[in-house]
Each structure stands twice: as C-alpha cells, then as structure tokens.
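Have the model open while you read.

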Amino acid sequence: MHIEKLSLYVIAMNEERRLPLVLESAKDLVDEIVVVDSGSTDGTEEVARRYGARFLHHDWESVGHQVAWAEERCSHRWVLRLDADEVLSPRLREEIASVRRDGDRDGYVLKIGEMYPGRTRPNPWVRHYRLIRLYDRDAFRMSGRIGFDDVVRARPDATVGRLSGFVHHHSYLSIHDMVAKRNLATDRQVDRAIAEGKRYSPWRMVGAMTLNFLKSYILDRYFLYGFWGFIHAVGVAHMRFMKFAKFYERRHVESS
C-alpha cells in the first residue's frame, strides 16, 4: 500500500520551545504540515512558517474538537498526527518511511514514551500510550468527541499495524508548567463531566491520590524513571484528586 502523499497535523498553543523539535523530526517524511493554533502569544507562528507549515487559527472548544478540525484541514488522504511536544525517534522515522513505500495496513499504532531531563530515550519497560496516529482517513477518523482525541473506524474492515519505534513525549518543561497544565486540564474535565450529566460521589476523592499514585508508580512502572517517575506519579495522583474535588466544589457552589 503505497502512501503517495502524507499530511502532518499538529495542534499548538504557545509552543515555540518544543515545536521546532517536532517539525524537524517529521519534515522530511511528510508532504504537508498543518499547524492549528488556538491563540499563541509567543513565536509559535514564526516557527511553523519557518518549516513551511500552513498556520491556521481555531478557537479552543475541546481537544476532541480541535484535532477533528485540524484533521479536516489536511489536503491528503493519509495523515500523521503529532502533539506539539511529540518528537519522532530515528527508528520511528525509518519505519514511517518504510510504510510509505510498501505498507499494508490502513492505520498504524505508535508508541508514545515520556522524556525527562537527562534522558535520551524512553524506558521501554514503562507502560506507554499506544495510539493510532498514522492513518488513511477513508479508514479512520478523529471522533471529535468533547475532551477526547481518539480515532474511530470509518470502515469496519479497516486494518491496523504497529510500529516499534517511539514517539518521544517531551511533556516536561518545569514543575510550574506541569501544575498549571494539569490545573487547566481538570477544569476542562469537570466542564465535560457536567455537560455529560455525570454524578461523581464525593467519596471518589477519598483514596484517589493513594490509589492513582500506586497505579502510576508501581503498576505502570514509573519507578523505573527514579525521582522523575516519583514526581510524575504524584502529579497524576493529585490531578485525579483535583478532578473530583473541583466537581464537588462546582456542584456546591452552584447549589448555594
């Protein structure tokens, strides 16, 4: 299955520091770059245009709406989706080039591994996200669901392959940035939960931090990242607690 043309699409917001790494890793693999921005005030646009990208503005509604809108702006049937902090590893670049020549699937699952200061690659023994990120839009599409960036089948017979190289996820800039990002994320999670009519018991707050810390640090094996893994697990646990705490707060403030 020859991929004659391939579009890369990226959603961004104030990503002048990380976006060059992303686009540099993919520029020779794709025929088009589409960067959809939701209101950057830094040099994100300048970076995107330096790499020949089509730079488009779209107001933020949710991640699901944003990626679906960006996908629709692509000119080619085959697309590669990356976040503005995700960099293709050399091995993965080679695999994508091979797939473009003689791939035999309608979509491909990519492994996304965390990167921390001092590391040159993700730890292969830590549990990673595995998501369809390279696909034929006749076979797969972004669902467009509020708050979700998942891909769904457009054809029931669509086939899926797996690539072994990593996407390097440079999610860490600073602890300050991490806390701010997760604070915003939990606000959006509560908005989505209320819009969907969910009813969380306040008891969900109790034990949320302990259980989610243990899941992340032990079951997902983030202890293999040392103290960076400990920081990550605490952050994930706190984020989970804040989701339920903010939901409890929102309901009581509204009722009073």
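1. A word on terms before the burial figure: a residue counts as buried when its relative accessible area is under 20%. By that cut-off, buried residues make up 46% of the 256 residues in the protein chain. Do keep in mind that this is a predicted model.

2. Along the principal axes, the C-alpha atoms fill a box of roughly 60 × 40 × 40 Å.

3. What does the secondary structure of the protein chain come to? I get seven helices and 10 strands. As for contacts with a separation of 6 or more, 75% are between residues 24 or more positions apart.

4. Now have a look at helix α6 (residues 208-219) and helix α7 (residues 227-255), which pack at an angle of about 145 degrees with their axes 8 Å apart. The crossing of α6 past α7 is right-handed. On the α6 side, the contact is made by A208, M209, N212, F213, S216 and Y217. The α7 side brings in G229, F230, H232, A233, V234, V236, A237, H238, R240, F241 and F244. Sorted by class, the contact of α6 with α7 has 11 nonpolar, five polar and one charged residues.

Terms used. Residues are numbered from 1 along each chain as its sequence is written. This is a predicted model: local features need pLDDT of at least 70, side-chain atom pairs count only at pLDDT 80 or more; totals for chains, interfaces and linings use all residues. Side-chain values use heavy atoms; hydrogens and water are left out. Axes are lines fitted to C-alpha atoms, for helices over the stretch in contact, and angles run from 0 to 180 degrees between N-to-C directions. Helices (H or I, at least four residues) and strands (E, at least two) are DSSP runs, numbered from the N terminus. A crossing is left-handed if the near helix is turned anticlockwise from the far one by less than a right angle, and right-handed if clockwise. Contact means heavy atoms within 4.5 Å. Ala, Val, Leu, Ile, Met, Phe, Trp, Tyr, Cys and Pro count as nonpolar, Asp, Glu, Lys and Arg as charged, and the others, Gly among them, as polar. Buried means under 20% relative accessible area, exposed over 50%, partly exposed in between (1.4 Å probe, protein chains only).
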